[in-house]
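Please walk through this two-chain model with me, one region at a time. Keep the structure open as you read.

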Amino acid sequence: MLQFVCKRFLAMILTLWVIATLTFLLMHSIPGSPFNSMNGKVLSDAAVKNMESHYHIDQPLPIQYLIYLKSIATFTYGPSIKQPSQTVNDLLGRGFPVSFELGMWSLVVAVLSGVLLGVFAALKHNGLIDYIAMTVAVFGISIPNFVLATLLIQELAVHWRLLPAGTWQGLSYMIMPIIALATAPMAIIARLIRSSMLEVLTQDYIRTAQAKGLSPFLIVTKHALKNALLPVVTVLGTLAASILTGTFVIEKIFAIPGMGKYFVDSINSRDYPVIMGTTMFYSALLIVMLFLVDIAYGWLDPRIKINKEGR
Amino acid sequence: MAKQSDKLLEVNNLHVSFKTHGGEVHAVRGVAFDIKQGETLAIVGESGCGKSVTSLAVMGLLPKPNGKIIDGSIRFKGTEMTTLTPKKMRRIQGVNVSMIFQDPMTALNPTLTIGSQLTEGIIHQKKVSRKEAHQKAIEMLHMVGLSNGEQRMKQYPYQFSGGMRQRIVIAMALICEPDLIIADEPTTALDVTIQAQILELFDHIQEETGVSMIMITHDLGVVAKTADRVAVMYAGKIVEMGSKRDIFYRAKHPYTQALLNAIVRVDIPADTLKPIEGAPPDLFAPPDGCAFCERCPFAMEVCQHVQPPTSMVDENHAVDCWLLDKRADTIRQKVEIL
């Protein structure tokens, strides 16, 4: 196990380095510079020169690349160019908890409701519940989250006045963004669980469990679900990524002060330190998620763990 | 009526049918047998003759909602099982009647430890503590010939060979000390050497616990080794039933005789196998008369139209065949001369 973790850790570092390099190249290949317009004011040439030397943008690219790598390695991204009063770390520290809360709750809601929906659909195969669940799932997959978000605002906030339309100030503010963000992954999970559950339920070991006189509840939760969860865990990494990117849009629509806002704004304004910081942060987060998925594999299916140790 | 007490299981006129896309398959058509305490009944027949379905019906494990008992009774220790609620049926499954399945490679859950799978039945059914269940499971592993129980309990199915897994499955079936074990082709998926060991194990278990068994198999070698009595099934019916000696030495039904003839023997030189020509009838539309008559070398006019009645050769030896009818005597003589 330790060997596996170490190997994966090295691979993670390598992946991050590749991402950092690509980001750097892309970042500098977009035309324009952070000083094209500074808060609406046009700067004098001398001022731009000063600024450029301050942020090392006048250096040749290879030198800039090395400075860039160094700041990533030491987690010192420095202050934002656009809002010099705050460092990138400040922005991340303020935005991340909000985004994390939104993302994690969405993921939890998506997994729990998706699994529940899928299991019931499988148990009532070709019954009413099955048809309802699968209809919900098809809608969930087909409707993009920004459409769902605007529909929710229109109906629940504007028309019925049940929930607040935006910002992030407590539980009632979280409901709509979480629904908007969780619906699509929930639908994907429900369909996956349904089909894998249907397959698992025909397996011999389920009949063995029945022959022991176990209750249907115990058979489903202990014997079937653990096996049926494997394909879900496989897509969990990708789903986490899609929820993560989904937060950009959803945060924008619901005016949630999360990281997504800074991420999008920083690219538009070529705020190099912020682009660097948010990209690296998101990448690291995603890689850690994928790593956790691999660990979960081993827990769900003991055969997989041994194979990786052996290699 | 006084005799009822020594019968552990009585099956009468059992009919089972399956709904499929092609229509309704009448898989078991009026099966009757009984088992006494400590006895082993072998049910023999070719694939699709209804032997497994019969056993699943007794276990209450017919696949829902397609499989259904449409007629007949299954009485276990005097309790009618066909009308029990699923909840009451579960109190019997694994506790009074347990089952050993054909393929040990798939009968165990790959994601749970052996220990967890061994103990869950007894914990759930008999409400014993985890510790007691653990002890009992190790005892059972020892009984089926697996040493190092403590360590085995923590292992997963993929860490065992096929023969060992079948031993574990057997231990699992035994843990609640059932009165009856139904073994559905327990050796079919195993090597011949392992087969012998497992059959030996059944003998040993029966000696030790006095459990009754239904041995479902198509292997007459297994029958010879384990059975007290034998029921030969064909197309959803028992066509001949008797003691092991009755079946092996005094078989009356042409199907039983053909089965025995089809055994390959090394001590008798033969260039070709002697299969039973033809195929079993389509159970979507069961024939009016004897189901075997299409393939029977002795078939008579009556066989095609009327189901043969059960004739008793002696007290324990029953045969469903028109050849045993008094009126058929002369015909049988003729055929035998040919």
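Just after α11(A), Arg270(A) adopts a positive phi of about 55°. Helices here are DSSP runs of H or I with at least four residues, and strands are runs of E with at least two, numbered from the N terminus. The model is predicted: local features need pLDDT of at least 70, side-chain atom pairs count only at pLDDT 80 or more, and totals for chains, interfaces and linings use all residues. Residues are numbered from 1 along each chain as its sequence is written, while chains are lettered from A and ligands numbered from 1 in the order in which they are written.

Step back into α11(A). Its buried residues are Met259(A), Gly260(A), Tyr262(A), Phe263(A) and Ser266(A). Buried means that 20 or more other C-beta atoms lie within 10 Å of a residue's own; exposed means 12 or fewer, and partly exposed lies in between, with C-beta atoms placed from the backbone. Seen down the helix axis, the buried residues of α11(A) fall within an arc of 165°, so they line one face. That arc is taken from the directions from the axis to the C-beta atoms. These residues pack against α4, α10 and α12 of chain A. Contact requires C-beta atoms, placed from the backbone, within 7 Å.

Now turn to α12(A), residues 272-300. Its 29 residues should span 42 Å at 1.5 Å a residue, and its end C-alpha atoms are 42 Å apart, which agrees. The expected span is 1.5 Å times one less than the number of residues. Buried residues of α12(A) include Tyr272(A), Pro273(A) and Phe281(A). Among the elements covering the buried residues of α12(A) are α1, α3 and α10 of chain A.

Helix α3 of chain A, residues 61-73, holds Ile67(A). Ile67(A) is partly exposed because 13 other C-beta atoms lie within 10 Å. Its C-alpha atom is 8.5 Å from that of His56(A), eleven residues apart along the chain.

Next, the cores. The largest nonpolar core has 97 residues, and Ala171(B) and Val232(B) have the most contacts inside it. A nonpolar core is a set of buried Ala, Val, Leu, Ile, Met, Phe, Trp, Tyr and Cys residues joined through C-beta atoms within 7 Å. Helix α7 of chain B, residues 162-174, gives the largest share of this core, eight residues. A second, separate core has 61 residues, including Leu91(A) and Ile243(A).

Last, the contact between the chains. It takes 23 residues from chain B and 19 residues from chain A. On the chain B side, α4(B) gives the largest share, four residues.

Note on methods:
Contact = placed C-beta atoms within 7 Å.
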